[in-house]
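User: I am new to this structure and would like to go through it step by step. Could you show it to me before I start asking?

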Amino acid sequence: LGLLLSPSFCFPALSCVSHPSRARSAMAKVPQMSWQAYVLMTVIGMGYLFPIFAIWGAFDYWTMLFPDTNIEFISTTTYQIGATLTVALLAWKPRLDTHQRILVGFWGQAICLSALFCFRFLPLATSQLYYLLMGLILLVAICTGFLDSGLLMLCSEYDTKMQGKMQLGIGLGSLMSVGFRDTSKLLLRSEPADATSCYFALAVATVLVCVASYHRLLGMPGSKGVAVRSRSARWQEGDLGLGDDDYSQVHDLEAHLLKPAQGAPTARSVLAKMWQQQSNICWHFALSTICYPGLITAVPVYQWTWLREGEWFQILMLAVYTVSDTMARAALSWRFGLTAENFGVTVVLRVVVPLALLAAICGAVQSDMFSLGVAVVAGLFNGYFNSLCLMLPNEQADLTQEEKKIVGSLSALSCDLGLLLGSLMSLYMGDRLGLVK
């Protein structure tokens, strides 16, 4: 409640001012982008969550390094706490604009992945390495929290296809992380430390490509309005650090900027209109984190015992999950009758997945084919429902541009709250099942 009642969050016009022609219109017009822009947004999405995917994908290396500790459950909880608190703090004190948040997030992720690349070379005891790993995961979470708020706000400036392309990129990033991990492990089978270092080097390169793609996207004609709005808001706060020529470019715009008007949209007014969609986002992401990565990597192998050594069955489960997830994100143009009004029923449908995973873990169903089938369904549900619940709020026809920006902030917060709730529930289940060491 404190977050929603804070002046800087309830009155975004104080810190983020739209172009006057958009502010005066009841219906905001968003720039229509070319196919190159959609490709760039897909690439940006690939690097958005790639660092944490890379950390989860190296679970077999962490198992070798910390044989007495189950990293998946602890790392997921640590990550979600850090990301959620970061998004909440950014909403409470929105000093950084969208552009700054995205750059801080990507460059911070690159630095953290570089530290993980050097992990094996550090002459530290196992206990010290463990706490260092948790610290790096927390830093990755903070950087991703910057991206959570920044990228969702950025997508709200464009048409809804951009949100779909970013979601597709997230799926491709998850698939790439598994592919990179499997390839490095196969090529350097006798040197797991070398394989992991190569893996994180590829992860650093992926994030750097995303930074270049983001700058390229901002340079496209359809993004010019987005950049000008961001710069004019920072200019009002005296935080641009530009030369006289740069200030003159936004001076005319500043002369026509509207003052915060009575009845301007606030977080409370938008939430009153969109509470059902935000609730769907929270529950869908919670159900995702309950399953991935903790429960999926905890399913034991029953018949295919040749996959037990080297954790290959669990790697296969992750691969099947990510392939299904990516396929589902590519099918977002098919809605199957789902709308913002009836989307809540899909939350009930997803409850079946963690129950099926628990049945496989406890031995109630001892079938490797059943386990793989559950991984397929979990991936399909995660890719499709998680992406669609983020897209539907921005598709409402009665939202102004100011309201869409607030929806982007609320969606980021709902997403991270759901992920935190799911990680805590997964940690509790893992502890009750004896999976958390």
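User: How many helices and strands does the protein chain have?
Analyst: The protein chain has 19 helices and zero strands. Please note that this is a predicted model.

User: And what share of the residues counts as buried?
Analyst: Of the 437 residues in the protein chain, 57% count as buried.

User: What about contacts between residues 24 or more positions apart?
Analyst: Among contacts in the protein chain with a separation of 6 or more, 86% are between residues 24 or more positions apart.

User: Let us turn to helix pairs. How do α5 and α11 cross?
Analyst: The axes of helix α5 (residues 50-57) and helix α11 (residues 192-218) come within 10 Å, with a crossing angle of roughly 170°. Angles over 145 degrees count as roughly antiparallel, so α5 is described as roughly antiparallel to α11.

User: Which residues make the contact?
Analyst: On the α5 side they are Phe-50, Pro-51, Phe-53, Ala-54, Ile-55 and Gly-57. On the α11 side they are Tyr-199, Phe-200, Ala-203, Thr-206 and Val-207.

User: Is α5 mostly covered or mostly open?
Analyst: Helix α5 is mostly covered, with eight of its eight residues buried. Ile-52 and Trp-56 are among the buried residues.

User: Now the aromatic rings. How many aromatic pairs are there?
Analyst: The count comes to 14 aromatic pairs, taking ring centres within 6.5 Å as the rule. In one of them, Phe-66 and Tyr-130 have ring centres 5.6 Å apart and planes at 80°, so this pair is edge-to-face.

User: Where in the chain do those two sit?
Analyst: Phe-66 is in the loop between α6 (59-65) and α7 (71-92), while Tyr-130 belongs to helix α9 (residues 126-155). The pair links distant parts of the chain, as its residues are 64 residues apart.

User: Are they buried or exposed?
Analyst: Phe-66 is buried, with a relative accessible area of 3%. Tyr-130 also counts as buried, at 17% relative accessibility, because the cut-off for buried is under 20%.

User: What kind of pair do Tyr-199 and Phe-200 form?
Analyst: Their ring centres are 5.4 Å apart and the planes lie at 45°, so the pair is tilted. Tyr-199 is buried, with a relative accessible area of 0%, and Phe-200 counts as buried at 0% relative accessibility.

User: Which residues do ring pairs link into a cluster?
Analyst: One cluster consists of Phe-336, Phe-343, Phe-381, Tyr-384 and Phe-385.

User: Where is Phe-336, and is it buried or exposed?
Analyst: Phe-336 lies in the loop between α15 (312-329) and α16 (345-350). At 67% relative accessibility, Phe-336 counts as exposed. Its phi is near 55°, a positive value in a residue other than glycine. For context, most residues other than glycine have a negative phi.

User: And Phe-385?
Analyst: Phe-385 is placed in helix α18 and is buried, with a relative accessible area of 7%. Leaving aside neighbours within four places in sequence, Phe-385 is in contact with His-284, Leu-338, Phe-343, Thr-346, Leu-349 and Arg-350. The C-alpha atoms of Phe-385 and Phe-285 are separated by 9.1 Å, although these residues are 100 residues apart along the chain.

User: How far does α18 reach?
Analyst: Helix α18 (residues 368-391) has 24 residues and reaches 35 Å from its first C-alpha to its last, close to the expected 34 Å. Helix α18 is mostly covered, as 18 of its 24 residues are buried.

User: What caps its N-terminal end?
Analyst: Ser-367 caps that end of α18, with a side-chain oxygen 3.5 Å from the backbone nitrogen of Met-369.

User: A last topic: which backbone oxygens lie by the side chain of Thr-326?
Analyst: A polar atom of the Thr-326 side chain lies 2.7 Å from the backbone oxygen of Gly-171. The backbone oxygen of Thr-322 lies 2.9 Å from a polar atom of that side chain. Thr-326 is found in helix α15 and is buried, with a relative accessible area of 8%. Leaving aside neighbours within four places in sequence, its contacts are Leu-168, Gly-171, Leu-172 and Leu-175.

User: What about Thr-77?
Analyst: Thr-77 lies in helix α7 and is buried, with a relative accessible area of 7%. A polar atom of its side chain lies 3.5 Å from the backbone oxygen of Ser-423.

Key. Residues are numbered from 1 along each chain as its sequence is written. This is a predicted model: local features need pLDDT of at least 70, side-chain atom pairs count only at pLDDT 80 or more; totals for chains, interfaces and linings use all residues. Side-chain values use heavy atoms; hydrogens and water are left out. Rings of Phe, Tyr and Trp (its six-membered ring) pair if their centres lie within 6.5 Å; planes under 30 degrees apart count as stacked, over 60 as edge-to-face and the rest as tilted. Helices (H or I, at least four residues) and strands (E, at least two) are DSSP runs, numbered from the N terminus. Buried means under 20% relative accessible area, exposed over 50%, partly exposed in between (1.4 Å probe, protein chains only). The expected span of a helix is 1.5 Å times one less than its number of residues. A polar contact is a pair of N or O atoms within 3.5 Å; within protein, one must be able to donate a hydrogen and the other to accept it, and residues adjacent in sequence count only if both atoms are side-chain atoms. Contact means heavy atoms within 4.5 Å. Axes are lines fitted to C-alpha atoms, for helices over the stretch in contact, and angles run from 0 to 180 degrees between N-to-C directions. Angles under 35 degrees count as roughly parallel, over 145 as roughly antiparallel, 65 to 115 as roughly perpendicular and the rest as oblique.
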